Amino acid sequence: MDALAADRAALGGAVSAPAKINLALHVTGRRENGYHDLDSLVVFARDGDHLSITPADQDQLTIEGPFAAGLPLDRGNLVLRALDLARSLAARDGIDLPPVHIHLQKNLPLSSGIGGGSADAAALLRWIADAYPVLADGLSAECLSLGADVPMCWAGRAARVRGIGEVSAPVARLGRFAMVLVNCGTPVSTPAAFSGLERRDNPPLPALPAGGFTDLGQLVSYLRDTRNDLEAPALRIVPEIAAVSRTLADEGAAFQRMSGSGATVFALFENTSQADAAAARLRTRQPHWWVAATEIQPMGEA
Ligand SMILES: C[C@](O)(CO)[C@H](O)COP(=O)(O)OP(=O)(O)OC[C@H]1O[C@@H](n2ccc(N)nc2=O)[C@H](O)[C@@H]1O
Ligand SMILES: Nc1ncnc2c1ncn2[C@@H]1O[C@H](COP(=O)(O)OP(=O)(O)OP(=O)(O)O)[C@@H](O)[C@H]1O
């Protein structure tokens, strides 16, 4: 173990797993293995889950938070599958990853289209790669095996994502736009949303502006020429998504759309005070909805 890794292993650490938002998601093809080719504009929220990692006698996962209930604590959890992946890659390099206690603060709703499990897995892999830089290339190459969203969460920056989720081109610049996330509480199975598609050969995203998106009007006008192709099948599974979108529009959102395979809807606002006020009203109007006022993580000098 090198000095950096020894320090990290001794100290443990904490890492954030921000929510992933598909601002636009076009399904452009279908492969023989059943996976779909995507073309998606992906950004990350300021907020999400949190992991803390401490040395332990044996591997252990504990979970708390509003969405802890029902999550597996065994190898069914993506966090422990990520640890297993890292340990097997490390072993190839003759590194023995010590046992750890991972504590997950689960703030993001499950099966909600904002990448919760993928974000958690990627966050743990990033922490391991920081402690053992020699593992970074292998983890980057292999993390797709944990799920199509894991590579984009591993990269952790706003990007145009293609392939089945593993080809990522960073967005040059992105403003710190105010955003509200709303989930009506019904999970959507990702395979079910994909299998409900009526077309699988949709056109790709329009080219992104070379300078990225620095102003909200410019981003909204780009998004109006795009879609989330999974929104129609997800709406057939959870019709309440339409009510969430309508309510966000009534609350003054500049733009709203479902993320990923749903059912979470993101809404962009002119500023954080408008977003905070809309979120507060929504919590009163629809107490059973999950409502989070957050921001898009900016990129570059926007
Ligand atoms: C909808 C998105 O969230 C958009 O970012 C992702 O494409 C889904 O990513 P994910 O949840 O990590 O997906 P995985 O766990 O790899 O796959 C779940 C299932 O979704 C379908 N799937 C997923 C990704 C993809 N590009 N094509 C697919 O058809 C497959 O049926 C797969 O069995
Ligand atoms: N750490 C984890 N957090 C959330 N879900 C997990 C985790 N580990 C395993 N899972 C399982 O993964 C499934 C859905 O995970 P997740 O919440 O990541 O879906 P999602 O929000 O639809 O993500 P995506 O945007 O990647 O489609 C659930 O069945 C859940 O039990």
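Q: Which of the 18 residues around ligand 2 come nearest?
A: Leu78, Gly116, Gly117, Asp149 and Gly260 do. A residue counts as near a molecule or strand if its C-beta atom, placed from the backbone, lies within 6 Å of it. Quick heads-up: this is a predicted model, where local features need pLDDT of at least 70, side-chain atom pairs count only at pLDDT 80 or more, and totals for chains, interfaces and linings use all residues. As for the labels, residues are numbered from 1 along each chain as its sequence is written, while chains are lettered from A and ligands numbered from 1 in the order in which they are written.

Q: Why is ligand 2 said to lie between domain 1 and domain 2?
A: Domain 1 (3-170) and domain 2 (178-295) both give residues to its shell, so ligand 2 lies between them. The domain bounds come from an automatic or database domain assignment.

Q: Which element gives the most to the shell around ligand 2?
A: That's α3, with 4 residues. Both α2 (78-92) and α3 supply at least two residues of this shell. These element names come from DSSP runs, numbered from the N terminus: helices are H or I with at least four residues, and strands are E with at least two.

Q: What makes up the shell around ligand 2, by class?
A: There are 5 nonpolar, 11 polar and 2 charged residues. Here Ala, Val, Leu, Ile, Met, Phe, Trp, Tyr, Cys and Pro count as nonpolar, Asp, Glu, Lys and Arg as charged, and the others, Gly among them, as polar.

Q: Where does ligand 1 lie, and why?
A: Ligand 1 lies between the domains too, because domain 1 (3-170) and domain 2 (178-295) both give residues to its shell. Ligand 1 has 18 residues around it, with Gly147, Ala148, Asp149, Ile164 and Gly260 the closest. β1, β2 and α6 (190-195) are the elements that give two or more residues to that shell. By class, the shell around ligand 1 holds 7 nonpolar, 10 polar and 1 charged.

Q: How many residues does each domain put into the contact between them?
A: Domain 1 puts in 25 residues and domain 2 puts in 33 residues. Two residues are in contact if their C-beta atoms, placed from the backbone, lie within 7 Å. On the side of domain 1 that touches domain 2, β1 (13-30) and β2 (36-55) are the elements that give two or more residues, and β1 has the largest share with 11 residues. The C-alpha centres of the two domains are 23 Å apart.

Q: Why is Ile114 called buried?
A: The rule is that a residue is buried if 20 or more other C-beta atoms lie within 10 Å of its own, exposed if 12 or fewer, and partly exposed in between, with C-beta atoms placed from the backbone. Ile114 has 27 other C-beta atoms within 10 Å, so it is buried. You'll find Ile114 in the loop between β4 (100-105) and α3.

Q: What makes Gly115 buried?
A: Gly115 has 31 other C-beta atoms within 10 Å, so Gly115 is buried. Leaving out residues up to four places away in sequence, Gly115 touches Ala19, Lys20, Asp149, Cys153 and Gly260. Among the residues that UniProt lists for "binding site" in an unreviewed entry are Ile114 and Gly115; such positions are given in the numbering used here, feature names are shortened, and annotations may be inferred rather than shown by experiment.

Q: Why does Gly29 count as partly exposed?
A: Gly29 has 14 C-beta neighbours inside 10 Å, so its class is partly exposed: that count falls between the cut-offs of 12 or fewer and 20 or more. Gly29 sits in strand β1. With residues up to four places away in sequence left out, Gly29 touches His36, Asp37, Arg200 and Asp201.

Q: Which residues have the most contacts inside the largest nonpolar core?
A: Ala82, Ala86, Leu124, Leu125, Met179 and Val180 do, in a core of 90 residues. Helix α3 (residues 116-131) gives the most to this core, with 9 residues. A nonpolar core is a set of buried Ala, Val, Leu, Ile, Met, Phe, Trp, Tyr and Cys residues joined through C-beta atoms within 7 Å.
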